[in-house]
Every structure is written in structure tokens, then in C-alpha cells.
Amino acid sequence: MAARLDGQVAIVTGAARGIGRAAAERLAAEGAAVEVFDVDGSSAEAAANAIRAGGLDATARAVDVSDGPRVVEAVGAVVRERGRIDILVNNAGIYPHTPFEELTFEEWRRVLSTNLDSVFLITHAAFPHMRERGYGRIVNISTAAFHIGYPELTPYLASKGGIIGFTRSLAAEAGPHGITVNVITPGMIETEGTQEEDPGGDLFDEIGADQAIRRRGRPEDIAETIAYLVSPAAGFITGQTINVDGGHRMH
């Protein structure tokens, strides 16, 4: 039986590790040719090599997704080499913890540029190619923390809230062209980044105690949701915010 994404081309940003890498691996397993975009070129190459070692199709590209000219160049290269873009997963992001009164405008702009401006830049570059073919799947990654509010994450939550608004507006505009646009809000997921932020696991324990499903979230949990939303089967789902947090908050 053919895989759901045979013949399709997917771009995943921030795909060198964590949720992005799990998504890249899952989409490749479904038959997609995956473009691994990450600012860390060597880690992107390692991720792509791991996918290729399984007999699947992946290409690594060192891309700072907040760099407009580089984004246009990289997306153009994908189209030239692959001939199409069917799927875009906007996952790249940073989340420094800084008390608001210590926050500088430069830090604010760095987070907004990496997390939100990048979503505009790469979607703006990929969208015309999807529209031309009358088909596309765009999935943006926000955060369940947006629904709650956490201290010391002002620019992070502002950027992730912006992604939700971006998703809803673009979905209305993209739908007539056969393109769906959805957003996932992951809860506390056990990635390299969250483990670095919470090495003792205290935050995992605190949040986990309030979850309906009493285990730590895994990158694969988000990757499975992405795989469904980008599949042909999800063609009637658009403009939606899908909360995947083990029932920590039910909206």
C-alpha cells in the first residue's frame, strides 16, 4: 500500500532536533521527500543522514529562517531541485526566559524575528508555488503556554500568539486555492531544549500532575498530529488550533 505522502515535498524548519526532527522523520516515513531546514547546518545534515540511512529521502539546508534573502534562496532551490512544495511545517523557534523588566528591545526583536517573522518569510516564499498547483498543507507550531500565560516568556508568548492569528487569517485566504493552514499548540514536550531548560524535571513533574494523561509529552506525539494535518485526509480542516498537551488544559 502506498504511503500517504508519496511524491510530495515537505519543508520542515528547525528540523535538526526535537519536534522538528521528529516531524521530518515522520513525514519521510509517509513517503515525502523532506527538506531539513535549520540554522545549524551540521546538525541538519546529521538529521538528514539519519533519515537517508533508513532508505528515505531527505536533504539538509543551512537556513536562518529570520534571514529573508536566505529563505527566498533556499525555497527557490527546493523548487528548482524538487519541482514542487506540497507541505510546509513552520517549527523553528527560541524561548529565552527573561524577566520583563530586564528584557531589552533587542532581545524582544530577536525572539519575534526568529519565531514570528520567520513564519511570514518562509510561508510567503512557498505560498505561490502551492497556489499555482492548487494544493498545499501548512502547519505552524505555536505553544499551549499561550492559552495559560507563563512569567518571563513575554516575547515568546507574543510571537506564538501572533502565529495563531497569522494562521487564522491565512487559512481564510488560502482555502479557495486548495491550501489548508493549521496551528498546533504543544504542551510540555520532552525535547533537548526543554531538558536543557529544566534539567531536574521539576517543571515536567508540576505540569504532568495536572495532565489527564500522566506521562511526559514526546516529540513523536506532535509529529503524529502534523502527519495527519498534512495528509490528504485532512483536506476539510483549516484555520484550526489543535492543542496537544495530554489534557493539561482543555479548550
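I count a contact, or touch, when heavy atoms lie within 4.5 Å. This is a predicted model, so I noted that local features need pLDDT of at least 70 and side-chain atom pairs pLDDT 80 or more, while totals for chains, interfaces and linings use all residues. Residues are numbered from 1 along each chain as its sequence is written, and side-chain values use heavy atoms, without hydrogens and water.

Entry 1, Val-12. Leaving out residues up to four places away in sequence, I found Val-12 touching Gly-20, Ala-23, Ala-24, Leu-27, Val-34, Glu-35, Val-36, Phe-37 and Val-89.

I take a nonpolar core as a set of buried Ala, Val, Leu, Ile, Met, Phe, Trp, Tyr and Cys residues joined through side-chain atoms within 4.5 Å; buried means under 20% relative accessible area with a 1.4 Å probe, protein chains only. The largest such core has 30 residues, and Val-12, Leu-27 and Ile-222 are among those with the most contacts inside it. A second, separate core holds 25 residues, including Val-78 and Phe-127.

Helices here are DSSP runs of H or I, at least four residues, numbered from the N terminus. I found helix 1 and helix 8 packed at about 50°, with axes 8 Å apart; axes are lines fitted to C-alpha atoms over the stretch in contact, and angles run from 0 to 180 degrees between N-to-C directions. Among the residues making the contact are Ala-23 and Leu-27 of helix 1 and Ile-222 and Ile-226 of helix 8.

Definitions and conventions:
Buried < 20%, exposed > 50% of the residue type's maximum accessible area, 1.4 Å probe, protein only. Helix = DSSP H or I, 4+ residues; strand = E, 2+ residues; numbered from the N terminus.
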